[in-house]
Amino acid sequence: MIDGPRVAPAAGTPAKSLVILLHGYGSNGEDLISLAPYWQAALPATAFVAPNAPEPCPGAPGGYQWWALTSPDGASRARGAAKVAPVLDAFIDAELARHGLTEAQLALVGFSQGTMMALQVGPRRARPLAGIVGYSGMLADVAGLDDPALTRPPILLVHGDADPVIPLEAFEQAWAALAAGGFSVDVHVSPGVGHSIDPAGLQRGAQFLAGVLG
């Protein structure tokens, strides 16, 4: 079972909602849990948790990967995300049980490879999540987005237009594919921002999460 750092609700009460933060390739949960303080004012009754991905990342001491980036092609990404999806699903189940919450009180937030995981796992849960936020990411697998069995939580995609790792075209392709699949997709492009999150992107994330988590 994967695990990682947690931040309790700022209100000091039992959690009324949960945000699971999914880090990028070569990073870790300690990195992404740092987003929680920026959002606690808007989400005082929300608990945050940022699990480390299941595999140590070669060449990145203290870093983890959701799957190995052995090939840049789409088929490799799709296989990698599908293979590790049960691990994230089990973690989600455990965290919901820990807090006595349901999917309607849960949002997934991903960065880069973590966004790929959020978009892979979230819509394929049996019950719809409150929402998904994807920073600097893309779809690991565009197949099956029109499947009526998918749940369709609202999605916010945020991307820098100067991202050298995952180009803006990948964001645009994800936006188009999700919209064509019947998802409600909100978007924000940060001018001049690379593979990172700027204050405007953080603010959009706070507004979105406050809206979907009530």
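Is F171 buried or exposed? F171 is buried, with a relative accessible area of 3%. Buried means under 20% relative accessible area, exposed means over 50%, and partly exposed lies in between (1.4 Å probe, protein chains only).

The model is predicted: local features need pLDDT of at least 70, side-chain atom pairs count only at pLDDT 80 or more, and totals for chains, interfaces and linings use all residues. Residues are numbered from 1 along each chain as its sequence is written, and side-chain values use heavy atoms, with hydrogens and water left out.

**View 1. The stacked pair of W39 and Y135.** The model holds 2 aromatic pairs. Rings of Phe, Tyr and Trp (its six-membered ring) pair if their centres lie within 6.5 Å; planes under 30 degrees apart count as stacked, over 60 as edge-to-face and the rest as tilted. W39 and Y135 stand 6.5 Å centre to centre, with 20° between the planes. W39 belongs to helix α2 (residues 36–39) and Y135 to strand β7 (residues 131–135), so the pair ties together parts 96 residues apart in sequence. Helices (H or I, at least four residues) and strands (E, at least two) are DSSP runs, numbered from the N terminus. W39 is buried at 0% relative accessible area. Y135 is buried too, at 1%.

**View 2. The tilted pair of F171 and W175.** Ring centres lie 6.0 Å apart, and the planes meet at 45°. Both residues sit in helix α5 (residues 168–180), 4 residues apart, about one turn of the helix. F171 is buried, whereas W175 is partly exposed at 36% relative accessibility.

**View 3. R152 over the face of F183.** R152 lies 5.2 Å from the ring centre. A charge sits over a ring if NZ of Lys or CZ of Arg is within 6 Å of the ring centre and within 35 degrees of the ring normal.
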